[in-house]
Amino acid sequence: MLLVLDVGNTNTVLGVFARDENASSHGAASAPRYERLVANWRVATRQGSTVDEYGVLFRNLFSMASLEASEIQGIVISSVVPPLDPVLRQVCERYFNSRPLLIEPGVKTGMPVQYDNPAEVGADRIVNGVAAFEKYGGPCVVVDFGTATTFDCVSAKGEYLGGVICPGIGISADALFQRTARLPRVEIRKPARVIGTNTVGSLQSGFYYGYLGLVDGILELLLAELGKETQVIATGGLGTMIGTSSKYIKNVDDFLTLEGLRIIWERNVAARPGFAPKAATGFASATSSKPAVPAKSSPAGRSSTRSPR
């Protein structure tokens, strides 16, 4: 089985992929194909947690899903929280007996990056772009509703073009509550009607329809640049709530990032003949002709340039 982790500023999403029982067998030098998502979880990201605290959490999640940690043959991690990277590396080695593949400089993604400085692109944005192009083709736009809402654009040739970053609806609401004395904190959800007849209803209408207008307004401009045939895919924690009401979002894919991690892991394994999944030691040497992040940058330097989530 393959364990994938998407570490965001607010939440960490985990998924476990298993081999497709109907898939044809592969030779010793071929990459294992893990195409069936058998479990997934969303937990809070806590920078203060220790290796053992994360290890116990992950093992408990596995236990509740009747999965065995010993069955994990590979681990891949996308993280926008650099201080957690060494902690998660130790968790994987100590509790799963496996060195993880981190999406970082030198990792083979198969997607050229057209950003002015590719080091500024968050790993999750590249992962989403890889999955969207693989599943839906190009050109396409991925709208990821996380701590920040990101719009990531991929060309018809599979090139990462860039995108847009906006404050997420959650932190926008938090800013309003912190700066007003009498407005109550309310649940963010789609109200029954636009006109609110009380304070709670008015706030919910403003949050939901105001943010929907922001999303559709940006997408309208992006589609004018990319073309009307562009596929638009929503993902992230609020992807379903906002995406289902959008004029332009036609696909809501809750597990897009997990799928992208699986795809990138398989590409890196396939690039190393004779690779043994339990000894994942050399992923960074498997580079594409134009890596997602230039090798000259360092993981430690990403803390000031990674896109917020």
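1. In this predicted model, residues 24 or more positions apart account for 66% of those contacts in the protein chain that have a separation of 6 or more. Of the 309 residues of the chain, 51% count as buried, and the secondary structure comprises seven helices and 10 strands.

2. An open sheet is formed by five strands in the order E3-E2-E1-E4-E5, and its pairing is mixed. Strand E3 (34-44) and strand E5 (101-102) stand at the edges, and because each has a single partner strand, one side of each is left without a neighbour in the sheet.

3. The contact draws on H3 residues including Val127, Ala131, Glu134 and Tyr136, and on H7 residues including Leu256, Leu261, Ile264 and Arg267. By class, the residues of this contact of H3 with H7 divide into nine nonpolar, three polar and four charged.

4. Strand E7 (residues 148-154) deserves a separate point, since seven of its seven residues are buried and the strand is described as mostly covered. Ala148, Thr150, Asp152 and Val154 point one way from E7, whereas Thr149, Phe151 and Cys153 point the other way, and all are buried.

5. What are the partners of E7, and how are they connected to it? Strand E6 (residues 140-145) runs antiparallel to E7 and is joined to it by six bridges, among them one that makes phenylalanine 151 in E7 the bridge partner of valine 143; a hairpin of two residues leads from E6 to E7. Strand E8 (residues 160-167) pairs with E7 in the antiparallel sense over seven bridges, and the bridge partner of alanine 148 in E8 is proline 167. E7 and E8 also form a hairpin, here with five residues between them, and glycine 158 in that turn has a positive phi of about 85 degrees.

6. Finally, helix H4 (residues 169-179) and helix H5 (residues 199-226) pack at an angle of about 140 degrees, with their axes 11 Å apart. Angles over 145 degrees would count as roughly antiparallel, and H4 and H5 are therefore oblique to each other; their crossing is right-handed. The contact is made by Ile169, Ala173, Leu176 and Phe177 of H4 together with Leu203, Phe207 and Tyr211 of H5. By class, this contact of H4 with H5 has seven nonpolar residues, no polar residues and no charged residues.

Technical notes. Residues are numbered from 1 along each chain as its sequence is written. This is a predicted model: local features need pLDDT of at least 70, side-chain atom pairs count only at pLDDT 80 or more; totals for chains, interfaces and linings use all residues. Side-chain values use heavy atoms; hydrogens and water are left out. Axes are lines fitted to C-alpha atoms, for helices over the stretch in contact, and angles run from 0 to 180 degrees between N-to-C directions. Helices (H or I, at least four residues) and strands (E, at least two) are DSSP runs, numbered from the N terminus. Angles under 35 degrees count as roughly parallel, over 145 as roughly antiparallel, 65 to 115 as roughly perpendicular and the rest as oblique. A crossing is left-handed if the near helix is turned anticlockwise from the far one by less than a right angle, and right-handed if clockwise. Contact means heavy atoms within 4.5 Å. Ala, Val, Leu, Ile, Met, Phe, Trp, Tyr, Cys and Pro count as nonpolar, Asp, Glu, Lys and Arg as charged, and the others, Gly among them, as polar. Buried means under 20% relative accessible area, exposed over 50%, partly exposed in between (1.4 Å probe, protein chains only). Two strands pair if DSSP finds at least two bridges between them.
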